[in-house]
There are 2 protein chains.
Amino acid sequence: MKKIFFTPGPTQLYGSIPKYINEAMKNDICSISHRGEKFEEIFQSTVSNLKVLLNVPNDFHVLFLGSATEAMERIIENCVGKNSFHLVNGAFSKKFFETALELKKSSQRIEAANGQGFDFGKMQVPENTEIICFTQNETSTGVAIDMGNVYQIKRKNPEKLVAVDIVSSVPYVDVDYSLIDCAFFSVQKGFGLPAGLGVVIVNENIIEKSKFLHNNNYNIGSYHSFLSLLKYSGKSQTPETPNVLAIYLLGKICSELSKSGMDKIRRETEKKAEIMYDFFEKHSKYKPFVKNKDFQSKTVIAIDTLDDTQRIIQKLEQNGFIVGSGYKEFKDKQIRIANFPMHNEKDVRKMLSYIE
Amino acid sequence: MKKIFFTPGPTQLYGSIPKYINEAMKNDICSISHRGEKFEEIFQSTVSNLKVLLNVPNDFHVLFLGSATEAMERIIENCVGKNSFHLVNGAFSKKFFETALELKKSSQRIEAANGQGFDFGKMQVPENTEIICFTQNETSTGVAIDMGNVYQIKRKNPEKLVAVDIVSSVPYVDVDYSLIDCAFFSVQKGFGLPAGLGVVIVNENIIEKSKFLHNNNYNIGSYHSFLSLLKYSGKSQTPETPNVLAIYLLGKICSELSKSGMDKIRRETEKKAEIMYDFFEKHSKYKPFVKNKDFQSKTVIAIDTLDDTQRIIQKLEQNGFIVGSGYKEFKDKQIRIANFPMHNEKDVRKMLSYIE
């Protein structure tokens, strides 16, 4: 039986991925030199398609890494001398914070319980903070932060850098890049690609900070320091031989999504989210984990399924639908359903019909 | 026209790669969870196939990274408090050394000119050296170090760690892992895979050193510290969502190469190398860059082609053969021809026939 993956990442591939891979094979994309013209054209095309799709200003730099997890490490290395500040309300925001500690920074955090948002009105960012790290969409718990809150914090702290993890909300989340300094994601979620590529989008403030740290003898890493990545991206290249196939595929998918139009994709995403939240709000037993509607993610929907969790996952699988289990301590108590652009309304409704 | 890539990496893909990718697509390999059983089976199978192929002892750990360039950074981070020692005779060995400096280590080097080997009999390794870093096969210049010289240095310095870059000689190079501590490579060269995966093979001495540094408050990195990689590899997983497709393909290719048999592959490699070196030794104008036969790489063959370089490259391309140009300062003076397992003798002879 053909399966449809509603997992929050890796997830269902875009339907056209096999076609693009065949095209890549026929055109020797995986054999060409990463220092040659053909690769530079692919690099330029992908960066350009991505900037158009996500409305990224021209003065931002698109840098390619191995994963979003790597992005956390590289942001801390390149933007933090001593102090970053983290909003922690789940496993991935916690990982971002812990990455800073592992890299020997004296970072601080504000914590909210799993499934909860933050009280942004009262939030005090410590004075010595160099970068404020948001996890806009907590993949572990399905809590989303409205970008308006991020902009508000940036306006109150204009001299501090702001980095935003949009791993499981991109391309749905509508980011005004002029009000943040850095965003990052990986490609195996909303972009529906095979895993193995991370993307970090940075402005000149981030680059200036990396230069400052480098000039003051901080260790900002080697081949994947932002300065090294920037040096090569200026030539439409990467410091190492990168995942050329993934860069190629990302460009193709960005172009396809732009043709559909982000307005349409956002409307569809919101409609599918409404269908799912509505179904579970009305369900007698299974309820959304995130109670406050202001914090309910549109792209990762966590549901308390209690003792029935494994039974639900199995029944859905028998009918061709793969959903995620809860994250870590919620493994046997929740399911998580992704709502990405490749997931269509018909399949959402069909999937829900198998949940009693 | 169908092209054959004799480039030193990325290079010609194995002929069966498109078949394995189709198989991966059909079996949803790129959609499965990297925390689930199916991924763990792929991980185990690839590690097992790789260990069989390369004759890696069971007590070594196979860790997956994004590239061989990353491996250089991670080895320095995890094995060097203050001092590493590098044998530098080309661009990649120099990069390994410079990575150590960028990571704020007080590393030292011994240098040989491009195209030259080392006088191992006289070599003195500085006393405070924590790890000796060999680039066994310099992709930039086609100089290879006989593994016997590596073992000799290790025997003289048993308390020092030894790391060996086998990026462009694997799987041809026959390594006795009991006489080194660490080897690393990427998959887009001798393994004929799409780029985007690095592999580092380490023993317990390397892990012990990482633990020592970690316990003494050194920064050994975060998600890709050897301790983090080891924690996850113990569960047949990786810290981040990895390049699952590449891990899957590597396992398939290792299995295929094992079926051919490494003895046969090594004999064929040596025969093809002999054909090429013989051709150029006898050529009136174009000569091997590496003069000393003891240091001539069997897998990356650099030829001084002088003013004719671009003309040769173009003529070969018109006839379906892609060879590499010289590296950096040798770009317009040399060609580099790879000799990997997917390159067959018939094509080598045909390719040479187009060089006047």
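## Briefing on the chain A and chain B model

Helix 1 of chain A passes helix 8 of chain A in a right-handed crossing. This arrangement comes from a predicted model, in which chain B can be superposed on chain A by a rotation of 180 degrees with 0.0 Å of shift along the axis, at an RMSD of 0.0 Å. The points below take up helix packing, domains, the contact between the chains and some backbone details.

**Helix 1 and helix 8 of chain A**

- The axes of helix 1 (residues 17-26) and helix 8 (residues 244-260) of chain A come within 10 Å and cross at roughly 130 degrees, and because of that angle helix 1 of chain A counts as oblique to helix 8 of chain A.
- From helix 1 of chain A, the residues I17(A), Y20(A) and A24(A) meet L245(A), Y248(A), L249(A) and K252(A), which belong to helix 8 of chain A.
- Sorted by class, this contact of helix 1 with helix 8 of chain A holds six nonpolar residues, no polar residues and one charged residue.

**Helix 3 and helix 4 of chain B**

- In chain B, helix 3 (residues 68-79) packs with helix 4 (residues 91-102) at an angle of about 45 degrees, and their axes are 9 Å apart; helix 3 of chain B is therefore oblique to helix 4 of chain B.
- The crossing of helix 3 and helix 4 of chain B is right-handed, and the contact is made by M72(B), E73(B) and I76(B) on the helix 3 side and by K95(B), F96(B), T99(B) and A100(B) on the helix 4 side.
- By class, the residues in this contact of helix 3 with helix 4 of chain B are four nonpolar, one polar and two charged.

**Domains of chain A**

- The domain assignment divides chain A into domain 1, made of 4-12 + 261-353, and domain 2, made of 17-258, and the C-alpha centres of these two domains of chain A lie 25 Å apart.
- The contact between them takes 27 residues from domain 1 of chain A and 23 residues from domain 2 of chain A.
- On the side of domain 1 of chain A that touches domain 2 of chain A, the elements that give two or more residues are helix 9 (262-281) and strand 12 (300-304) of chain A, and helix 9 of chain A provides the largest share, four residues.
- That side of domain 1 of chain A comprises 14 nonpolar, eight polar and five charged residues.

**Contact between the chains**

- In the contact between the chains, 43 residues of chain B touch 43 residues of chain A, and helix 1 (17-26), helix 3, helix 4 and helix 8 (244-260) of chain B each supply at least two residues of the chain B side.
- By class, the side of chain B that touches chain A has 17 nonpolar, 19 polar and seven charged residues.
- Because 100% of the interface residues of chain B are also interface residues in chain A, the copies meet through the same surface.
- Chain B superposes on chain A by a rotation of 180 degrees with 0.0 Å of shift, so the two copies are related as by a two-fold rotation axis; in chain B, the C-alpha nearest the axis belongs to G66(B), at 2.9 Å from it.

**Backbone details**

- Most residues other than glycine have a negative phi, and most peptide bonds are trans.
- The peptide bond from G9(A) to P10(A) is cis, with omega near -10 degrees, and P10(A) is found in the loop between strand 1 (4-6) and helix 1 of chain A.
- In chain B, the peptide bond from V170(B) to P171(B) is cis, with omega near 0 degrees, and P171(B) is found in the loop between strand 8 (161-165) and strand 9 (182-186) of chain B.
- K328(A), a residue other than glycine, has a positive phi near 45 degrees and lies in the loop between strand 13 (321-325) and strand 14 (334-338) of chain A.

Definitions and conventions. Residues numbered from 1 in each chain as written. Chains lettered and ligands numbered in written order. Predicted model: local features only at pLDDT ≥ 70, side-chain atom pairs only at ≥ 80, totals over all residues. Domains from an automatic or database assignment. Contact = placed C-beta atoms within 7 Å. Nonpolar A, V, L, I, M, F, W, Y, C, P; charged D, E, K, R; others polar. Axes fitted to C-alpha atoms, helices over the stretch in contact; angles between N-to-C directions. Parallel < 35°, antiparallel > 145°, perpendicular 65-115°, else oblique. Left-handed = near helix turned anticlockwise from the far one by under 90°. Least-squares fit on C-alpha atoms with pLDDT ≥ 70 in both.
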